[in-house]
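Please load the model in your viewer and display it as a cartoon.

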Amino acid sequence: MDAEFDGIVDGLENCVTLDGQTTPSANLPMGGFRHTNTGAATARTQYGRVSEIQDGTIWKAATPGGTGDAMTGTVTPAPSAYTAGMIVQIIAPGTNTVTTPTININALGAKTIRKHQAALSVGDIASGDTLWLVYDGTYFEYINPKLFPTDLSSLTTDATGGAVADFIPFVDASDSNASNKVTVQDLFTNVFANLTADTTGGATGDKLLFSDASESNAAQTVTVDNLLTNSLQLLTTDGSAGDLNDFIPFMDNSASLAAKKATMGNYLYNYTSNLTAETAPSNTNDYIIIRNLSGSTLKKIAPQYIGIGKQTVWIPAGAMTARTTNGAASGTTESTTNKVMNKTLDFDTTTQEFAQFTVAFPKGWNESTVTFIPFWTAASGSGGVVWGLQGVALSNDDAIDTAFGTAQTSTDTLLTALDVHVGPESAAITIAGTPAEGDICYFQINRTVSDGSDTLGVDAKLIGIQLLYTINSNVDD
């Protein structure tokens, strides 16, 4: 009987009791079965239910407190000390305003929170953010920081943003995709430095990326030709632009296509200096840029039209022929002291006398009216002299004996005897005979003594005339 009781005692001592009076002294194999309906763990040596793992309650700080700069929290079961690899989840009670915020779990002591093993930025943590923190033995590492600490849609629009010293956040592929920042200047410098040069770029069909303000700043593309067309149309017209000190933007081919600027003066000077010299320009197919003052615009002009306009040819009296009928007398005078010689045609004070000369104008002549300016003197006397000039144009096989056109006059007054007198320019003289290219023009000059303004009582000595005509081309092609 005693042996039976001993066996009962041994059985009771080796069984697991419902009220926990016995403690297992070895592993308890479950044979594939489970412990069910277990209670929530309250100590680190207790079972953790699957629900606690799924719900995160074993590492969640259930009662977050403090501020965004000094957080506190309590996890259950309570740890006795921080250990490397410890995971804590906490809802941030506020936004960090310092770069070294701390967390104190279960009053074990405040530990600094870092990200990527470096200090945080102000605003990396916002109130209500869910933080996952892993203790590395010294710090709590923030393992789920936001790419952009602040919601970009809530940022204030800065119309002056984009200064070279402004910052842009980015994900740094060379630094394990860490969130870093870069200045605008460095961003563009480095991006463009790493682009592949396209020597054929800039074609009208090429596209550029831009932010469309009319589409809520959506990223869009635009062709090069449309960009330039639309951009130029939006620019403010500056009627005074073009000063030599104004700037022009350009891409410097000698400096890896760096964006630069040059003054208008330097740009034009260097540009023209590098042009190939044209040694045989075409008078009709080549063009020169000119500024049209009357219209304040730029125009082009063929070389043949450079220098066109009114021209002057000097006809000395010695090159004129006195008419056989009522011709002026030839005269020669020598100044008293310096012996300056003048060969003149001397026109009588009472009888109307004449002299003639011929001119074959260049092909550039516009075959239109001419004017003249008389140069003359007199030996003595006082009063006025009226000079008249008329002309006729003759083509090949035209009769020489053709009437001159209507004369126009130049009236002048003697100032001092034997001084040079320059009369005023006459009115336009219409040349008879319908002038054509290649014609020879006969001109006849006279002293119009019948005019009431011709009052000089002595011979008027004609030194010569300036004949003024207009050309519309500077070549005789």
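In which strand is the place of I471? Select residues 460–471: this is strand β26, and I471 lies in it. Strands here are DSSP runs (E, at least two residues), numbered from the N terminus.

Before continuing, note that this is a predicted model, in which local features need pLDDT of at least 70, side-chain atom pairs count only at pLDDT 80 or more, and totals for chains, interfaces and linings use all residues. Residues are numbered from 1 along each chain as its sequence is written, and side-chain values use heavy atoms, with hydrogens and water left out.

Remain at I471, which is buried, with a relative accessible area of 11% (buried means under 20% relative accessible area, with a 1.4 Å probe and protein chains only). Display its contacts (heavy atoms within 4.5 Å): beyond four places in sequence, they include G307, I308, W365 and N366. Then select S368, 103 residues from I471 in sequence, with a C-alpha to C-alpha distance of 9.3 Å.

Next, select the open sheet of five strands, ordered β17-β20-β25-β22-β23 with antiparallel pairing. Two strands pair if DSSP finds at least two bridges between them. The edges are β17 (321–322) and β23 (408–413), each pairing on one side only. Two bridges join β17 to β20 (residues 354–359); select A322 to find A355 of β20 opposite.

Finally, move to G391 in β22 (residues 384–394). G391 is buried, at 0% relative accessible area. Among the residues that G391 touches are F404, T430, Y442 and F443. A403 is twelve residues from G391 along the chain, and their C-alpha atoms are separated by 8.6 Å.

Definitions and conventions
Helices (H or I, at least four residues) and strands (E, at least two) are DSSP runs, numbered from the N terminus. Buried means under 20% relative accessible area, exposed over 50%, partly exposed in between (1.4 Å probe, protein chains only).
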